[in-house]
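Subject: Handover of a structure and its findings

Dear colleague,

Please find the structure below, handed over for your records. My notes on what was found in it follow directly after.

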Amino acid sequence: MKQQFWHDCWDNTHIGFHQDELQPLLVEYFPDLLEPQDSRIFVPLCGKTSDLLFFADRFKVIGNELSAVACRDFFLENQLTPQVKESLSFNIYQQGNIELYQGDFFALNSKQFQPFDWIYDRAALIAFPEEMRVAYVQHINRFISAQTRVFLLTLEFPKDEIQGPPFSVDEDEVMRLFNGCKITKVTERDLTGQKFARRKLAVSSLTEKLYIISK
Ligand SMILES: C[S@@+](CC[C@H](N)C(=O)[O-])C[C@H]1O[C@@H](n2cnc3c(N)ncnc32)[C@H](O)[C@@H]1O
């Protein structure tokens, strides 16, 4: 998946993946999973999701997003005025508890961050085709320390029915990708016939699954 594809999506407002409301499984399950000391969360490939605001009540939120349009619109649409620090590889938008690193996820150096308590993956892993998912998980692993838990949402549907993104990532693949980690499937919900965010996918079955992953 070329970066230009995503820039074109944002430039032309083809953002069917964007959810206008908070992610339901996040709202339902996340609060009960929290430990008192949890304070830092990383949101790779964050787009302009409102879930960032949900986290910002309590967490220092570090987001990463390729598109400057997405970063700009996140703050604009939420009536927030960020400070912007420009640099060669990343522009950093900061307001309150939220810092968005705008640039390529694969160029982000995990060593520049203090450990995260959580990583939130909604439509990040499933945004990449198979070979890139391996590279994505290799890189995300660098952000997972002993205390980190990954809140991972996936989609499953018959792979040959549509061309992604989104891509179907089944349980076997999650187990393979995060081999050596502790993986708990928390829940799943049947979305067959319903919209995935703003888009109705032409698939005969659709399931969203939530995993919690730690080392
Ligand atoms: C399917 S969208 C999901 C966005 C967000 N997680 C959400 O739930 O709305 C995938 C996002 O990843 C971003 N993206 C794609 N490749 C990226 C990369 N290499 N580095 C950072 N962001 C990337 C895209 O611009 C897009 O906003």
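In these notes, a residue is called buried when its relative accessible area is under 20%, exposed when that area is over 50%, and partly exposed in between (1.4 Å probe, protein chains only). Helices (H or I, at least four residues) and strands (E, at least two) are DSSP runs, numbered from the N terminus.

The model is predicted, and local features need pLDDT of at least 70, side-chain atom pairs count only at pLDDT 80 or more, while totals for chains, interfaces and linings use all residues. Residues are numbered from 1 along each chain as its sequence is written, and side-chain values use heavy atoms, with hydrogens and water left out.

Helix α4

Helix α4 spans residues 68-77, and its buried residues are Val69, Ala70, Cys71, Asp73, Phe74 and Phe75. The elements that cover these buried residues by contact (heavy atoms within 4.5 Å) include the helices α1 (3-11) and α3 (51-56), together with the strands β2 (60-65), β4 (91-95) and β5 (98-102). At the start of α4, the backbone nitrogen of Val69 has a side-chain oxygen of Ser67 within 3.1 Å. Just after the helix, Gln79 adopts a positive phi of about 50°.

Aromatic pairs

Rings of Phe, Tyr and Trp (its six-membered ring) are taken as a pair if their centres lie within 6.5 Å; planes under 30 degrees apart count as stacked, over 60 as edge-to-face and the rest as tilted. In one of them, the ring centres of Tyr101 and Phe113 are 5.1 Å apart with planes at 75°, so the pair is edge-to-face. Tyr101 belongs to strand β5 and Phe113 to the loop between β5 and β6 (118-122), so the pair ties together parts that are 12 residues apart in sequence. Tyr101 counts as buried at 8% relative accessibility, and Phe113 counts as buried at 11%. Phe113 also pairs with Phe116: their ring centres are 5.8 Å apart and the planes lie at 45°, so this pair is tilted. Phe116 is buried as well. Ring pairs link a cluster whose members include Phe42, Phe90, Tyr101, Phe113, Phe116 and Tyr136.

Salt bridges

A salt bridge is a side-chain nitrogen of Lys or Arg within 4 Å of a carboxyl oxygen of Asp or Glu. The structure holds 12 of these salt bridges. One joins Asp20 and Arg198, whose closest N and O atoms are 2.7 Å apart. Asp20 sits in the loop between α1 and α2 (24-33) and Arg198 in the loop between β8 (182-190) and β9 (207-214), so the pair ties together parts that are 178 residues apart in sequence. Asp20 is exposed, at 51% relative accessible area, whereas Arg198 is partly exposed, at 35%.

Another salt bridge is formed by the side chains of Arg133 and Glu173 (2.7 Å, N to O). Arg133 lies in helix α5 (residues 130-141) and Glu173 in helix α6 (residues 171-177), so this pair ties together parts that are 40 residues apart in sequence. Both Arg133 and Glu173 are buried.

Lys185 and Glu188 also meet through their side chains in a salt bridge (2.6 Å, N to O). Lys185 is partly exposed at 33% relative accessibility, and Glu188 is partly exposed at 40%. Salt bridges with shared partners join Glu156, Glu171, Lys185, Glu188 and Lys209 into one network.

With kind regards

Notes: A polar contact is a pair of N or O atoms within 3.5 Å; within protein, one must be able to donate a hydrogen and the other to accept it, and residues adjacent in sequence count only if both atoms are side-chain atoms.
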